[in-house]
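The following note is intended for a colleague meeting this structure for the first time.

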Amino acid sequence: MTIKDKIQKDKLPKHIAIIMDGNGRWAAKQGNQRIFGHEHGVESVRSTVEGATEIGIQYLTLYAFSTENWSRPHDEVNALMGLLVQAINDETEKLKEQNVRLTMIGDFASLPKDVQTKLNWSINELSKCTGLTLVLALSYSSKWEITEAIKKIAQDVKDDKLQIDNIDKDILDNYLATVGIPDPELLIRTSGENRISNFLLWQIAYSEFYFTPVLWPDFRKENLYEAICDYQNRERRFGKTSQQLVS
Ligand code: IPE
Ligand code: IPE
Ligand code: MG
């Protein structure tokens, strides 16, 4: 029995979010430059998307570049942006064959023009796909997202489009970058770091966390399936007692 066979098809998470971490350490371990690790991370993305598609996951969000990552050395940032353009260019056709739709969350305007153009092209190319929705978090951070949401809410209140008394958690959902996307049931972080690094803070309020020591360039669909099996063995109580869930 393979790890894939162990997955219960009726208990799949709709949305899985992944903090893809450990590229630099993976490269350093073999005496290579950090960018070598980023390059190899693309194969992990390919395998993970394929794995998610094969079992019918609806949403996969990949944290690819954070607001904070702009503080990295210029050479690394430039190399990452270049890699992004190349990967989107090379993978779009294959994504289409897999019926994958693409979208992004993050500060689009802060991205270099060539990244913006390539992203728009790919999103448009894949807009009619109806399978997995792949969400790329690019120049994204949760504090950025929530700040933007608050600004829009304040403006709508000022313009009389929104009444303060009507603001509730569902209204807030509508002002976030993730509007229309269900909250992730499962959040995975690779590389052994036990932190969230400004990712989806609002949306992971009740997510199950799965931390693995595997470095991102070593991550494959089998690792995804292991995480899903682990998730399926958990009891999600949402504040209730175990007994309430049984009855
Ligand atoms: C994750 O790997 C990729 C990005 C954050 C862009 P890192 O580059 O953070 O690799 P480590 O954590 O330094 O090993
Ligand atoms: C988080 O990884 C961001 C992404 C995976 C894109 P980092 O490597 O930037 O996180 P920290 O700074 O070590 O927490
Ligand atoms: Mg890191």
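**Note on the pockets and the ligand site**

1. The model is predicted. In its second largest pocket, 14 residues form the lining, and those nearest the centre are Asp-183, Gln-203, Ala-205, Tyr-206 and Phe-238. The volume of this second largest pocket is about 290 Å³. Its lining comprises 6 nonpolar, 2 polar and 6 charged residues.

2. The largest pocket holds about 920 Å³ of space. It is lined by 41 residues, with Met-20, Asn-23, Tyr-63, Ala-64 and Phe-65 closest to its centre. By class, the lining of the largest pocket consists of 20 nonpolar, 11 polar and 10 charged residues.

3. Several elements supply at least two residues each to the lining of the largest pocket, among them strand 2 (59-66) and strand 4 (133-140). Helix 3 gives the largest share of this lining, with 9 residues.

4. Ligand 1 is located in the largest pocket. Two elements give two or more residues to the shell around ligand 1, namely helix 1 (23-29) and helix 2 (34-55). Helix 1 contributes the largest share of that shell, 3 residues.

5. The residues surrounding ligand 1 include Met-20, Arg-34, His-38, Asn-69, Arg-72 and Leu-80. The shell contains 3 nonpolar, 5 polar and 4 charged residues.

6. Oxygen atoms of ligand 1 take part in the following pairs. A polar side-chain atom of Asp-21 lies 2.8 Å from one oxygen atom of the ligand, and a polar side-chain atom of Arg-25 is 2.8 Å from an oxygen atom of ligand 1. For Gly-24, a polar backbone atom lies 2.9 Å from an oxygen atom of ligand 1. The protein covers 86% of the 380 Å² of accessible area that ligand 1 has on its own.

Methods. Residues are numbered from 1 along each chain as its sequence is written. Chains are lettered from A and ligands numbered from 1 in the order in which they are written. This is a predicted model: local features need pLDDT of at least 70, side-chain atom pairs count only at pLDDT 80 or more; totals for chains, interfaces and linings use all residues. Side-chain values use heavy atoms; hydrogens and water are left out. A residue is near a molecule or strand if one of its heavy atoms lies within 4 Å of it. A polar contact is a pair of N or O atoms within 3.5 Å; within protein, one must be able to donate a hydrogen and the other to accept it, and residues adjacent in sequence count only if both atoms are side-chain atoms. Accessible areas come from the Shrake-Rupley method with a 1.4 Å probe; for residues, only the protein chains shown count as cover. On a 1 Å grid over the protein atoms alone, a cavity is a set of points where a 1.4 Å probe fits but cannot get out, and a pocket is an open set with protein on both sides within 12 Å along at least five of seven lines; lining residues have an atom within 4 Å of a point. A molecule sits in a cavity or pocket if more than half of its atoms lie within 2 Å of its grid points. Helices (H or I, at least four residues) and strands (E, at least two) are DSSP runs, numbered from the N terminus. Ala, Val, Leu, Ile, Met, Phe, Trp, Tyr, Cys and Pro count as nonpolar, Asp, Glu, Lys and Arg as charged, and the others, Gly among them, as polar. Grid points are joined across faces, edges and corners, and a volume is the space filled by probe spheres set on the points.
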